[in-house]
Amino acid sequence: MASTETTAKDGNDLAGLEAGLDALETVQTGRTPFRKTLIQKILPPIVAVLLVLALWQLLVSSGAVSDPSKLPAPADVWGELRESWLQGTLHEYIWTSVSRGLLGFLIALAIGTPLGLLVARVRFVRAAIGPILSGLQSLPSVAWVPPAVIWLGLNDEMMYAVILLGAVPSIANGLVSGVDQVPPLFLRAGRTLGATGLKGTWHIVMPAALPGYLAGLKQGWAFSWRSLMAAEIIASSPDLGVGLGQLLENGRNNSSMAMVFFAILLILIVGIAIDLLIFSPLERWVLRNRGLLPRS
(Lines give C-alpha, C1' and ligand atoms only; values in the text may rest on other atoms or scores of the structure.)
Protein backbone atom coordinates (compact mmCIF):
# COMPACT_ATOMS: atom_id res chain seq x y z
CA MET A 1 0.00 0.00 0.00
CA ALA A 2 2.80 2.37 0.93
CA SER A 3 4.59 1.51 -2.32
CA THR A 4 1.48 2.39 -4.33
CA GLU A 5 1.13 5.74 -2.56
CA THR A 6 4.79 6.51 -3.11
CA THR A 7 4.50 5.69 -6.81
CA ALA A 8 1.43 7.90 -7.16
CA LYS A 9 3.16 10.74 -5.35
CA ASP A 10 6.24 10.46 -7.57
CA GLY A 11 4.00 10.44 -10.64
CA ASN A 12 2.26 13.61 -9.50
CA ASP A 13 5.61 15.29 -8.81
CA LEU A 14 6.88 14.31 -12.25
CA ALA A 15 3.69 15.59 -13.89
CA GLY A 16 4.02 18.87 -12.00
CA LEU A 17 7.65 19.22 -13.07
CA GLU A 18 6.75 18.60 -16.71
CA ALA A 19 3.94 21.15 -16.50
CA GLY A 20 6.35 23.71 -15.03
CA LEU A 21 8.89 23.13 -17.78
CA ASP A 22 6.16 23.44 -20.40
CA ALA A 23 5.10 26.74 -18.87
CA LEU A 24 8.65 28.02 -18.97
CA GLU A 25 9.01 27.06 -22.62
CA THR A 26 5.68 28.57 -23.63
CA VAL A 27 6.19 31.83 -25.48
CA GLN A 28 3.75 34.58 -24.68
CA THR A 29 2.15 35.64 -27.93
CA GLY A 30 -0.34 38.19 -26.61
CA ARG A 31 -0.05 41.66 -28.08
CA THR A 32 1.15 44.36 -25.71
CA PRO A 33 -1.68 46.78 -24.85
CA PHE A 34 -1.34 50.18 -26.48
CA ARG A 35 -1.63 51.95 -23.12
CA LYS A 36 1.36 50.02 -21.78
CA THR A 37 3.36 50.78 -24.94
CA LEU A 38 2.39 54.45 -24.67
CA ILE A 39 3.49 54.71 -21.05
CA GLN A 40 6.69 52.67 -21.31
CA LYS A 41 8.05 53.56 -24.76
CA ILE A 42 6.38 56.64 -26.26
CA LEU A 43 5.89 59.03 -23.36
CA PRO A 44 9.41 58.86 -21.80
CA PRO A 45 11.28 60.25 -24.85
CA ILE A 46 8.56 62.87 -25.42
CA VAL A 47 8.82 64.01 -21.79
CA ALA A 48 12.63 64.10 -22.05
CA VAL A 49 12.48 66.26 -25.18
CA LEU A 50 9.97 68.64 -23.58
CA LEU A 51 12.18 68.96 -20.49
CA VAL A 52 15.23 69.77 -22.62
CA LEU A 53 13.25 72.39 -24.56
CA ALA A 54 11.94 73.90 -21.33
CA LEU A 55 15.43 74.09 -19.83
CA TRP A 56 16.76 75.56 -23.08
CA GLN A 57 14.07 78.25 -23.12
CA LEU A 58 14.67 78.95 -19.43
CA LEU A 59 18.38 79.57 -20.05
CA VAL A 60 17.57 81.97 -22.87
CA SER A 61 14.80 83.84 -21.00
CA SER A 62 16.69 84.14 -17.73
CA GLY A 63 19.70 85.81 -19.34
CA ALA A 64 22.06 83.15 -17.98
CA VAL A 65 24.07 83.42 -21.22
CA SER A 66 25.93 86.71 -21.38
CA ASP A 67 25.78 86.93 -25.19
CA PRO A 68 22.30 86.06 -26.49
CA SER A 69 23.67 85.47 -30.01
CA LYS A 70 25.59 82.44 -28.74
CA LEU A 71 22.46 80.56 -27.65
CA PRO A 72 19.40 81.02 -29.87
CA ALA A 73 15.92 80.43 -28.53
CA PRO A 74 14.07 77.28 -29.61
CA ALA A 75 11.72 79.54 -31.60
CA ASP A 76 14.67 80.80 -33.67
CA VAL A 77 15.71 77.25 -34.53
CA TRP A 78 12.10 76.44 -35.40
CA GLY A 79 12.13 79.48 -37.69
CA GLU A 80 15.15 78.05 -39.55
CA LEU A 81 13.35 74.73 -39.96
CA ARG A 82 10.17 76.42 -41.18
CA GLU A 83 12.10 78.55 -43.67
CA SER A 84 13.94 75.50 -45.06
CA TRP A 85 10.65 73.65 -45.39
CA LEU A 86 8.97 76.51 -47.22
CA GLN A 87 11.95 76.92 -49.56
CA GLY A 88 11.97 73.20 -50.31
CA THR A 89 15.57 72.71 -49.20
CA LEU A 90 14.99 70.72 -46.01
CA HIS A 91 14.59 67.36 -47.73
CA GLU A 92 17.59 68.13 -49.95
CA TYR A 93 19.85 68.66 -46.93
CA ILE A 94 18.70 65.37 -45.39
CA TRP A 95 18.68 63.29 -48.57
CA THR A 96 22.15 64.44 -49.66
CA SER A 97 23.70 63.19 -46.43
CA VAL A 98 21.51 60.14 -45.81
CA SER A 99 21.96 58.76 -49.35
CA ARG A 100 25.74 59.13 -49.06
CA GLY A 101 25.82 57.65 -45.58
CA LEU A 102 23.68 54.60 -46.39
CA LEU A 103 25.46 53.82 -49.66
CA GLY A 104 28.86 54.20 -48.02
CA PHE A 105 27.76 51.98 -45.15
CA LEU A 106 26.54 49.26 -47.54
CA ILE A 107 29.87 49.31 -49.35
CA ALA A 108 31.67 49.14 -45.99
CA LEU A 109 29.44 46.21 -45.05
CA ALA A 110 30.37 44.35 -48.25
CA ILE A 111 34.08 44.89 -47.50
CA GLY A 112 34.13 44.58 -43.71
CA THR A 113 32.18 41.31 -43.47
CA PRO A 114 34.52 39.05 -45.50
CA LEU A 115 37.51 40.88 -44.04
CA GLY A 116 36.26 40.17 -40.51
CA LEU A 117 35.69 36.50 -41.31
CA LEU A 118 39.17 36.24 -42.80
CA VAL A 119 40.79 37.82 -39.75
CA ALA A 120 38.73 35.71 -37.35
CA ARG A 121 39.37 32.35 -39.07
CA VAL A 122 42.95 32.63 -40.38
CA ARG A 123 45.60 33.00 -37.69
CA PHE A 124 48.27 34.44 -39.95
CA VAL A 125 45.89 37.13 -41.24
CA ARG A 126 44.86 37.99 -37.68
CA ALA A 127 48.47 38.31 -36.60
CA ALA A 128 49.26 40.44 -39.66
CA ILE A 129 46.37 42.91 -39.86
CA GLY A 130 44.39 42.43 -36.64
CA PRO A 131 46.34 45.13 -34.74
CA ILE A 132 46.11 47.42 -37.79
CA LEU A 133 42.31 47.16 -37.79
CA SER A 134 42.21 47.99 -34.08
CA GLY A 135 44.47 50.98 -34.66
CA LEU A 136 42.36 52.22 -37.58
CA GLN A 137 39.22 51.91 -35.44
CA SER A 138 40.70 54.22 -32.82
CA LEU A 139 41.94 56.76 -35.39
CA PRO A 140 39.64 59.80 -35.65
CA SER A 141 37.86 59.69 -38.99
CA VAL A 142 38.44 63.40 -39.54
CA ALA A 143 42.14 62.60 -40.01
CA TRP A 144 41.32 60.89 -43.33
CA VAL A 145 39.66 63.93 -44.89
CA PRO A 146 42.81 65.89 -45.93
CA PRO A 147 44.56 62.93 -47.65
CA ALA A 148 41.29 61.83 -49.28
CA VAL A 149 40.83 65.33 -50.73
CA ILE A 150 44.40 65.32 -52.05
CA TRP A 151 44.12 61.82 -53.52
CA LEU A 152 40.60 61.97 -54.96
CA GLY A 153 39.64 65.63 -55.11
CA LEU A 154 36.40 67.30 -54.01
CA ASN A 155 33.87 64.72 -55.19
CA ASP A 156 31.61 61.95 -53.91
CA GLU A 157 34.39 59.37 -54.22
CA MET A 158 36.30 61.29 -51.55
CA MET A 159 33.23 61.17 -49.27
CA TYR A 160 32.84 57.41 -49.73
CA ALA A 161 36.55 56.83 -49.11
CA VAL A 162 36.35 58.62 -45.75
CA ILE A 163 33.23 56.63 -44.83
CA LEU A 164 34.91 53.32 -45.69
CA LEU A 165 38.04 54.11 -43.73
CA GLY A 166 35.90 54.95 -40.72
CA ALA A 167 33.38 52.09 -40.91
CA VAL A 168 35.19 49.01 -42.25
CA PRO A 169 37.45 48.48 -39.19
CA SER A 170 34.46 48.66 -36.82
CA ILE A 171 32.41 46.17 -38.83
CA ALA A 172 35.34 43.77 -39.20
CA ASN A 173 36.30 43.97 -35.52
CA GLY A 174 32.68 43.45 -34.46
CA LEU A 175 32.49 40.26 -36.51
CA VAL A 176 35.85 39.07 -35.17
CA SER A 177 34.58 39.59 -31.62
CA GLY A 178 31.39 37.68 -32.41
CA VAL A 179 33.26 34.76 -33.97
CA ASP A 180 35.63 34.59 -31.00
CA GLN A 181 32.61 34.10 -28.70
CA VAL A 182 31.16 31.17 -30.65
CA PRO A 183 31.26 28.10 -28.34
CA PRO A 184 33.71 25.47 -29.67
CA LEU A 185 31.00 22.86 -29.16
CA PHE A 186 28.98 24.47 -31.97
CA LEU A 187 31.91 24.19 -34.36
CA ARG A 188 32.58 20.55 -33.45
CA ALA A 189 28.90 19.69 -33.84
CA GLY A 190 28.86 21.40 -37.22
CA ARG A 191 31.90 19.49 -38.44
CA THR A 192 30.33 16.25 -37.26
CA LEU A 193 27.23 17.03 -39.33
CA GLY A 194 29.31 17.92 -42.37
CA ALA A 195 29.11 21.71 -42.05
CA THR A 196 32.67 22.65 -42.97
CA GLY A 197 34.22 25.41 -45.05
CA LEU A 198 31.78 27.95 -46.44
CA LYS A 199 28.83 25.81 -45.39
CA GLY A 200 30.01 25.82 -41.78
CA THR A 201 30.61 29.57 -41.92
CA TRP A 202 27.11 30.24 -43.25
CA HIS A 203 25.15 27.79 -41.08
CA ILE A 204 27.20 27.72 -37.86
CA VAL A 205 29.62 30.60 -37.46
CA MET A 206 27.55 33.53 -38.75
CA PRO A 207 24.32 32.71 -36.83
CA ALA A 208 26.26 32.12 -33.61
CA ALA A 209 28.31 35.31 -34.07
CA LEU A 210 25.26 37.42 -34.94
CA PRO A 211 25.02 39.41 -31.65
CA GLY A 212 28.64 40.57 -31.85
CA TYR A 213 28.33 41.19 -35.58
CA LEU A 214 25.22 43.32 -35.05
CA ALA A 215 27.04 45.37 -32.41
CA GLY A 216 29.81 45.93 -34.95
CA LEU A 217 27.25 47.03 -37.54
CA LYS A 218 25.79 49.61 -35.16
CA GLN A 219 29.22 50.95 -34.38
CA GLY A 220 30.10 50.87 -38.07
CA TRP A 221 27.06 52.99 -38.91
CA ALA A 222 27.97 55.46 -36.15
CA PHE A 223 31.48 55.76 -37.60
CA SER A 224 30.04 56.09 -41.12
CA TRP A 225 27.78 58.95 -40.08
CA ARG A 226 30.45 60.75 -38.08
CA SER A 227 32.99 60.34 -40.90
CA LEU A 228 30.56 61.74 -43.43
CA MET A 229 29.76 64.74 -41.26
CA ALA A 230 33.48 65.47 -40.82
CA ALA A 231 34.03 65.23 -44.58
CA GLU A 232 31.07 67.49 -45.37
CA ILE A 233 32.21 70.10 -42.84
CA ILE A 234 35.81 70.27 -44.07
CA ALA A 235 35.38 69.69 -47.81
CA SER A 236 32.94 72.04 -49.51
CA SER A 237 32.24 72.40 -53.22
CA PRO A 238 29.19 73.40 -55.30
CA ASP A 239 29.44 70.02 -57.05
CA LEU A 240 28.96 68.19 -53.75
CA GLY A 241 25.66 69.82 -52.88
CA VAL A 242 24.67 70.92 -49.38
CA GLY A 243 24.43 68.12 -46.85
CA LEU A 244 23.91 68.41 -43.13
CA GLY A 245 27.61 68.83 -42.41
CA GLN A 246 27.89 71.60 -45.00
CA LEU A 247 24.77 73.22 -43.52
CA LEU A 248 26.49 73.26 -40.14
CA GLU A 249 29.59 74.87 -41.67
CA ASN A 250 27.44 77.44 -43.47
CA GLY A 251 25.90 78.41 -40.15
CA ARG A 252 29.35 78.94 -38.67
CA ASN A 253 30.51 81.00 -41.65
CA ASN A 254 27.37 83.17 -41.42
CA SER A 255 27.66 83.46 -37.60
CA SER A 256 24.11 82.10 -37.39
CA MET A 257 23.79 80.02 -34.24
CA ALA A 258 20.17 79.27 -35.13
CA MET A 259 21.37 77.56 -38.32
CA VAL A 260 24.13 75.77 -36.40
CA PHE A 261 21.67 74.36 -33.85
CA PHE A 262 19.25 73.51 -36.66
CA ALA A 263 21.94 71.46 -38.42
CA ILE A 264 22.98 69.76 -35.17
CA LEU A 265 19.39 68.76 -34.42
CA LEU A 266 18.92 67.35 -37.94
CA ILE A 267 22.13 65.30 -37.63
CA LEU A 268 20.94 63.97 -34.27
CA ILE A 269 17.43 63.19 -35.53
CA VAL A 270 18.72 61.27 -38.56
CA GLY A 271 21.05 59.21 -36.36
CA ILE A 272 18.21 58.34 -33.98
CA ALA A 273 15.84 57.54 -36.86
CA ILE A 274 18.29 55.12 -38.49
CA ASP A 275 18.77 53.33 -35.18
CA LEU A 276 15.02 53.07 -34.53
CA LEU A 277 14.10 52.00 -38.06
CA ILE A 278 16.96 49.58 -38.82
CA PHE A 279 19.11 48.48 -35.90
CA SER A 280 16.54 48.29 -33.09
CA PRO A 281 14.24 45.94 -35.10
CA LEU A 282 17.27 43.78 -35.96
CA GLU A 283 18.23 43.59 -32.28
CA ARG A 284 14.69 42.62 -31.28
CA TRP A 285 14.60 39.96 -34.01
CA VAL A 286 17.87 38.44 -32.76
CA LEU A 287 16.69 38.47 -29.14
CA ARG A 288 13.34 36.89 -30.04
CA ASN A 289 15.03 34.13 -32.00
CA ARG A 290 17.13 33.36 -28.94
CA GLY A 291 14.12 33.34 -26.63
CA LEU A 292 15.19 36.49 -24.78
CA LEU A 293 12.11 38.50 -25.80
CA PRO A 294 8.46 37.40 -26.02
CA ARG A 295 6.99 37.12 -29.49
CA SER A 296 4.20 39.61 -30.12
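This is a predicted model: local features need pLDDT of at least 70, side-chain atom pairs count only at pLDDT 80 or more; totals for chains, interfaces and linings use all residues.

Me: Which secondary structure elements does the protein contain?

Reply: The protein has twelve helices and zero strands. Of its 296 residues, 34% count as buried.

Me: What is the general idea behind a salt bridge, and how many does the structure hold?

Reply: Side chains of opposite charge can pair when their charged atoms come close. The structure holds six salt bridges. One of them joins Glu 232 and Arg 100, at 3.1 Å from N to O. Glu 232 belongs to helix H10 (residues 210-234) and Arg 100 to helix H4 (residues 90-121), so that distant parts of the chain, 132 residues apart, are linked.

Me: Are Glu 232 and Arg 100 buried or exposed?

Reply: Both Glu 232 and Arg 100 are buried. Together with Asp 156, Arg 100 and Glu 232 form a network of salt bridges.

Me: Which residue forms a salt bridge with Asp 180?

Reply: Its partner is Arg 126, at 2.8 Å from N to O. Because Asp 180 lies in helix H7 (residues 156-180) and Arg 126 in helix H5 (residues 123-138), the pair ties together parts that are 54 residues apart in sequence. Asp 180 is partly exposed, with a relative accessible area of 44%, and Arg 126 is also partly exposed, at 30%.

Me: Where in the chain do Lys 218 and Asp 275 lie?

Reply: Lys 218 is in helix H10 and Asp 275 in helix H12 (residues 257-289), 57 residues apart. Their side chains meet in a salt bridge of 3.5 Å, N to O.

Conventions. Residues are numbered from 1 along each chain as its sequence is written. Side-chain values use heavy atoms; hydrogens and water are left out. Helices (H or I, at least four residues) and strands (E, at least two) are DSSP runs, numbered from the N terminus. Buried means under 20% relative accessible area, exposed over 50%, partly exposed in between (1.4 Å probe, protein chains only). A salt bridge is a side-chain nitrogen of Lys or Arg within 4 Å of a carboxyl oxygen of Asp or Glu.
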